[in-house]
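Please read this report with the sequence and the structure in view.

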Amino acid sequence: MKRVWTKITFKLRDEQKEAFWMWLSEFQIAGAWEIDERTVVVYCWDPLPAPPPLVVGEWQEEKEEEEEWGQKWKKYFQTIWIDHDLAVRPPWEKKSGAPLEIVIYPAYAFGTGHHPTTRGCLQLMKKYFRENWSFLDLGTGSGILSILALKMGAKRVCAVDIDPLAIEEVGRNLQLNGLEVSHLELLRGELSVVQGRFDFIAANIGPYFHQEYLPEMSSHLEEKGMLLLSGFEVDDLSSVQRSIDEVGLSVLESLVLSSWVSVVCRR
Ligand code: SAH
């Protein structure tokens with residue numbers, strides 16, 4: 001007998017994303033995807049109880065037969081264009097024809113290009129990163145930013161993550177892009193495992209990380225190097241800005257995409 005999945009589409013209320021994920025973490029689910037800023041699709045075997053009305057505006061429950069799901073989740077990941085010449089695609093989509101194309105297998109690790117923080121990082125890297133620069137990818141996730149750096153002609157790339165699963169996925173994504181693991185230094189751990197200075201450092205992690213690690217990140221920057229920070233919302237900008245000022249860096253450009261901020265700074 002075929003099993004039947006429950007698929008639930010939630011429409012979140014403004015600024016309730018964090019509360020929603022907290023609520024959802026109480027239950028056994030098979031998968032969940034953020035379709036856009038307000039929409040999350042969840043697959044589970046057993047129906048979930050009604051979500052808190054202050055968090056979810058409306059939701060819709062559907063039933064799906066088992067085999068379909070293996071194919072269906074793929075439709076949520078299509079090629080996305082970050083800029084006129086930069087696209088990110090999952091391996092099952094046809095080549096985009098973009099001069100800069102990144103292939104990412106959407107799995108556990110963060111960094112498919114769909115989230116506004118990753119988009120912001122990709123856009124700013126494309127604008128400021130230069131050939132033959134060295135690049136430190138702090139919190140590499142899927143490896144998406146390292147892959148862009150390699151495709152833009154980086155001379156040295158160091159990708160770091162505390163999560164062993166992310167490290168595995170970077171290997172797979174490098175392969176999908178015709179790159180070899182030997183093209184970068186892939187390190188599991190925190191900033192303390194990193195050696196040397198870099199022309200460009202990216203950290204899409206979060207406001208507390210930036211506040212704590214800005215002095216150390218700045219000590220890994222070459223004299224004229226650039227630091228790209230992301231992973232925080234407009235409400236946290238002033239506290240992150242204070243930490244940036246404290247280490248003597250100044251903001252060159254900040255980009256806000258659906259309330260998520262990415263900033264490039266330098267000395
Ligand atoms: N760079 C990717 C992924 C960002 S998600 C992108 O821009 O889309 C943030 C990543 O940082 C996660 O994979 C998480 O495991 C990692 N991370 C969190 N804290 C960290 C720390 N202290 N040191 C290194 N990596 C960290």
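The sections below describe sheets, strand pairs and helix contacts in turn. The model is a predicted one.

**A sheet of four strands**

Four strands make up an open sheet, arranged in the order β2-β3-β1-β4 with antiparallel pairing. Its edge strands are β2, covering residues 31-34, and β4, covering residues 56-65, and each of these pairs on one side only. From one strand to the next, the twist averages 15 degrees. Within this sheet, strand β1 (residues 4-12) is joined to β4 in the antiparallel sense by nine bridges. On that pairing, Ile8 stands opposite Glu61 in β4.

**A sheet of three strands**

A further open sheet consists of three strands in the order β5-β6-β7, and its pairing is mixed. Strands β5 (80-83) and β7 (100-103) stand at the edges with a single partner strand each, so one side of each has no neighbour in the sheet. Here the twist averages 20 degrees from one strand to the next. Strand β6 (residues 86-89) pairs with β7 in the parallel sense, and four bridges connect the two. Leu86 has Leu100 in β7 as its bridge partner.

Which helices lie across strands of this sheet? Helix α3, formed by residues 116-128, lies across β5, β6 and β7 and runs at about 40 degrees to β5. Helix α4, formed by residues 144-151, lies across β6 and β7 and runs at about 145 degrees to β7.

**Strand β11 and its partners**

Is strand β11 mostly covered or mostly uncovered? Strand β11 comprises residues 198-204 and is mostly covered, with seven of its seven residues buried. Strand β8 (residues 134-138) pairs with β11 in the parallel sense over four bridges, and Leu138 stands opposite Ala203 in β11. Strand β12 (residues 221-233) also pairs with β11 in the parallel sense, over six bridges. In that pairing, Asn204 stands opposite Ser230 in β12.

The table lists strand pairs described in this report.

| Strand pair | Sense | Bridges |
|---|---|---|
| β1 and β4 | antiparallel | nine bridges |
| β6 and β7 | parallel | four bridges |
| β8 and β11 | parallel | four bridges |
| β11 and β12 | parallel | six bridges |

**Helices α6 and α7**

How do the axes of helices α6 and α7 cross? Helix α6 spans residues 207-219 and helix α7 spans residues 237-246; their axes come within 9 Å and cross at roughly 15 degrees. The two helices are therefore roughly parallel, since angles under 35 degrees count as such. Their crossing is left-handed.

On the α6 side, the contact involves Pro207, His210, Gln211 and Leu214, which meet Ser239, Val240, Ser243 and Ile244 in α7.

Is Ser243 buried or exposed? Its relative accessibility is 9%, so Ser243 counts as buried, because the limit for that class is under 20%. Leaving aside residues up to four places away in sequence, Ser243 touches Gln211 and Leu214. Both Gln211 and Leu214 are in α6.

Terms used
Residues are numbered from 1 along each chain as its sequence is written. This is a predicted model: local features need pLDDT of at least 70, side-chain atom pairs count only at pLDDT 80 or more; totals for chains, interfaces and linings use all residues. Side-chain values use heavy atoms; hydrogens and water are left out. Two strands pair if DSSP finds at least two bridges between them. Axes are lines fitted to C-alpha atoms, for helices over the stretch in contact, and angles run from 0 to 180 degrees between N-to-C directions. Angles under 35 degrees count as roughly parallel, over 145 as roughly antiparallel, 65 to 115 as roughly perpendicular and the rest as oblique. A crossing is left-handed if the near helix is turned anticlockwise from the far one by less than a right angle, and right-handed if clockwise. Contact means heavy atoms within 4.5 Å. Buried means under 20% relative accessible area, exposed over 50%, partly exposed in between (1.4 Å probe, protein chains only).
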